[in-house]
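Colleague: Please put the model up, and I will ask about it piece by piece.

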Amino acid sequence: MRMANPLQFLQQVRSEVGKITWPSRREVMLTTGMVFVMAALTALFFALVDWVIRFGVSQIIG
């Protein structure tokens, strides 16, 4: 396999970076908010499941 010229490689990298579509500030804020909401809902779900299992086991044992 032939090694590429470092200068040519850097030019290609710069060209590829120019093709990237960066998200807007609004899109970043919206998706970040969605991640926090989903994390909170997931935490609530698992807390509820934990409580139900703990309650059930305590009824069986105690």
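Colleague: In which helix does E16 lie?

Modeller: This is a predicted model, where local features need pLDDT of at least 70 and side-chain atom pairs count only at pLDDT 80 or more, while totals for chains, interfaces and linings use all residues. Residues are numbered from 1 along each chain as its sequence is written, and side-chain values use heavy atoms, with hydrogens and water left out. Helices are DSSP runs of H or I with at least four residues, strands are runs of E with at least two, and both are numbered from the N terminus. On that basis E16 falls within residues 6-18, which is helix 1.

Colleague: Which residue meets the side chain of E16 in a salt bridge, and how far apart are N and O?

Modeller: A salt bridge here is a side-chain nitrogen of Lys or Arg within 4 Å of a carboxyl oxygen of Asp or Glu. The partner of E16 is K19, and the N to O distance is 3.2 Å.

Colleague: Is K19 buried or exposed?

Modeller: The classes rest on relative accessible area: buried is under 20%, exposed is over 50% and partly exposed is in between, with a 1.4 Å probe and protein chains only. E16 has 46%, so E16 counts as partly exposed. K19 has a relative accessible area of 56%, so K19 is exposed.

Colleague: How far apart in space are E16 and T31?

Modeller: In sequence, E16 and T31 are 15 residues apart. From C-alpha to C-alpha, the distance between E16 and T31 is 25 Å.

Colleague: How many salt bridges does the rule count, and which residue pairs with D50?

Modeller: The count comes to two salt bridges. D50 is partly exposed because its relative accessibility is 41%. The closest N and O atoms are 3.0 Å apart, and the partner of D50 is R54.

Colleague: How many aromatic pairs are there, and why is the pair of F45 and F46 edge-to-face?

Modeller: Rings of Phe, Tyr and Trp (its six-membered ring) pair if their centres lie within 6.5 Å; planes under 30 degrees apart count as stacked, over 60 as edge-to-face and the rest as tilted. A search of the whole structure finds two aromatic pairs. For F45 and F46 the centres are 5.1 Å apart, and the pair is edge-to-face because the planes stand at 70°.

Colleague: What is the arrangement of the rings of W51 and F55?

Modeller: Both residues lie in helix 2 (residues 25-61), four residues apart, about one turn of the helix. W51 is partly exposed at 49%, and F55 is partly exposed at 44%. Their ring centres are 5.6 Å apart and the planes are at 15°, so the pair is stacked.

Colleague: What is the radius of gyration of the chain?

Modeller: The chain has two helices and zero strands. The globule rule, 2.2 Å times the number of residues to the power 0.38, is set against a radius of gyration taken over C-alpha atoms. For 62 residues the rule gives 11 Å, and the chain is well over that, so it is more spread out than a compact globule, with a radius of gyration of 25 Å.
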